[in-house]
Amino acid sequence: MEKKKILVTGGCGYIGGHTIVDLVANGFDVISVDNLSRGSLKMLHGVETVAGRTVKNYKVDLCNADDTEAIFIENPDIVGVVHFAAFKSVPESVKEPLLYFRNNLDSLVNLLQCAQEYDVDHFVFSSSCSVYGNAEVLPVKEDAPLLEPECPYARTKQIGEAICRDFCVPNPGFNVTLLRYFNPVGAHPSALIGELQEKPENLVPVITQTGIGKRRDMQVFGTDYPTRDGSCVRDYIHVMDIANAHTKALQYTMSGKNKNPHEIFNLGTGNGVTVLEMIAAFEKVSGVKLNYKLSPRRAGDVMAVYADNSKARNLLGWECKYDLDQMMDTAWKWEVALKKEAEKIQMN
Ligand code: WQD
């Protein structure tokens with residue numbers, strides 16, 4: 001089968017790296033662009049080991065239009081773009097809104113400019129369930145109203161989606177798929193790649209860093225919510241299931257199956273899980289008693305959000321393959337692997 005070259009932006013990051021592995025496994029030829037401001041070459045090397053082939057990374061800031069265009073000039077065989085590269089910290093976006101608008105939106109506009117210039121017709125945009133704001137109806141469907149977002153990061157995702165939609169109008173033949181992730185967690189089963197964050201804010205890496213002893217303890221932010229055990233409900237989904245949805249989205253538009261030039265898909269399991277249930281799952285798979293404290297609510301948290309994923313299942317032929325224990329088990333095995341590697345470096 002002739003290779004189809006895909007440009008993955010943010011390919012040295014968590015979801016970008018796992019998606020490269022899935023794209024290569026499905027016969028795509030992949031190159032990456034990542035300025036390594038958040039991503040790392042350690043991730044890329046792990047991806048190459050898992051994928052069994054080298055992956056070229058362009059160390060380019062996508063906010064620089066000329067440098068971005070140079071990639072498309074050098075690679076006229078790019079048929080699709082999967083766009084992950086963006087800043088995604090909720091508290092950082094509150095402190096630095098202009099940094100987020102500049103970085104997350106300038107990069108998108110430059111990429112779409114190149115797609116137009118170089119006839120790249122397939123574009124997958126990394127979006128987020130945070131575009132829904134505090135969704136009133138659960139499970140959340142793709143046609144739910146987009147309420148006031150929790151933070152400037154989420155607003156850049158709302159605006160990014162609108163930019164993609166408006167771009168389709170004067171560019172017939174251009175196909176964009178907007179993928180709204182719920183809570184990506186876990187790591188590749190090989191434990192060769194996973195989430196690399198020194199000071200994570202997200203629940204699962206905080207749990208595994210507490211379990212391994214990198215942190216003395218962790219806090220459960222709120223146990224007085226009107227949920228089954230008082231803690232918040234989220235739709236945690238394995239990063240490899242998220243990755244495969246990107247491959248499926250490209251196959252969907254490249255096969256001409258999409259009826260609309262832009263389609264939106266929720267990427268969640270459809271199951272809501274509480275924070276305390278996540279801790280119980282960790283203790284079950286790891287055998288480690290977790291040191292956590294019940295604490296006050298965290299500002300900006302919504303009580304519950306989980307997906308209706310039927311559209312992605314029906315139109316993309318996508319299924320979630322990893323269950324909650326596998327999500328936690330792969331996250332824990334990755335944390336253990338990181339510790340072993342750090343100990344090896346210390347001994348040398
Ligand atoms: C999950 C639950 C916390 C840490 C974020 C972004 C969102 C998206 C996914 C990119 C909440 C609780 C957490 C801790 C805790 N990112 N928690 N103790 O906030 O659902 O979503 O990541 O698209 O934009 O907002 O994820 O993992 O931070 O929190 O109790 O130490 O875990 O209160 O209920 P969140 P999270």
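**Helix packing, strands and loops**

Student: How are α7 and α9 oriented to each other?
Tutor: α7 and α9 are oblique to each other, and the numbers show why: the axes of α7 (residues 203–212) and α9 (residues 275–286) cross at roughly 40 degrees. Angles from 0 to 180 degrees are taken between N-to-C directions of lines fitted to C-alpha atoms, for helices over the stretch in contact; under 35 degrees is roughly parallel, over 145 roughly antiparallel, 65 to 115 roughly perpendicular, and the rest oblique. Helices (DSSP runs of H or I, at least four residues) and strands (runs of E, at least two) are numbered from the N terminus. So the term for this pair is oblique.

Student: Before we go on, what kind of model is this?
Tutor: Residues are numbered from 1 along each chain as its sequence is written, and side-chain values use heavy atoms, with hydrogens and water left out. Local features need pLDDT of at least 70, side-chain atom pairs count only at pLDDT 80 or more, and totals for chains, interfaces and linings use all residues, because this model is predicted.

Student: Is the crossing of α7 and α9 left-handed or right-handed?
Tutor: The two axes come within 11 Å. Handedness is judged by how the near helix is turned from the far one: anticlockwise by less than a right angle is left-handed, clockwise is right-handed. By that rule the crossing of α7 and α9 is right-handed.

Student: How many nonpolar residues are in the contact of α7 with α9?
Tutor: Leu 203, Val 204, Ile 207, Thr 208 and Gly 211 of α7 make the contact with Val 275, Met 278, Ile 279 and Phe 282 of α9 (contact means heavy atoms within 4.5 Å). Ala, Val, Leu, Ile, Met, Phe, Trp, Tyr, Cys and Pro count as nonpolar, Asp, Glu, Lys and Arg as charged, and the others, Gly among them, as polar. Two residues of this contact are polar and no residues are charged, while the nonpolar ones number seven.

Student: And how does α1 lie relative to α2?
Tutor: Helix α1 (residues 14–25) and helix α2 (residues 41–51) have axes that come within 9 Å and cross at roughly 20 degrees. That makes the pair roughly parallel.

Student: Which residues of α2 does α1 meet?
Tutor: The crossing of α1 and α2 is right-handed. From α1, the contact takes in Tyr 14, Gly 17, His 18, Ile 20, Val 21 and Val 24. The contact divides into eight nonpolar, two polar and no charged residues. On the α2 side the residues are Met 43, Val 47, Val 50 and Ala 51.

Student: Let's turn to the strands. Which residue of β4 is the bridge partner of Val 8?
Tutor: Strand β1 (residues 4–9) has five of its six residues buried, and six bridges join β1 to β2 (residues 28–33) in parallel; two strands pair if DSSP finds at least two bridges between them. Val 8 stands opposite Ser 32 in β2. β1 also pairs with β4 in the parallel sense, over five bridges. In β4, the partner of Val 8 is Val 82.

Student: Where does the cis peptide bond fall?
Tutor: Look in the loop between β5 and α6 (152–168), where Pro 139 lies. Omega is near -5 degrees for the bond from Leu 138 to Pro 139.

Student: What is the relative accessibility of Leu 36?
Tutor: Leu 36 is in the loop between β2 and α2. Its phi is near 60 degrees, a positive value in a residue other than glycine. Leu 36 counts as partly exposed because its relative accessibility is 23%.

Key: Buried means under 20% relative accessible area, exposed over 50%, partly exposed in between (1.4 Å probe, protein chains only).
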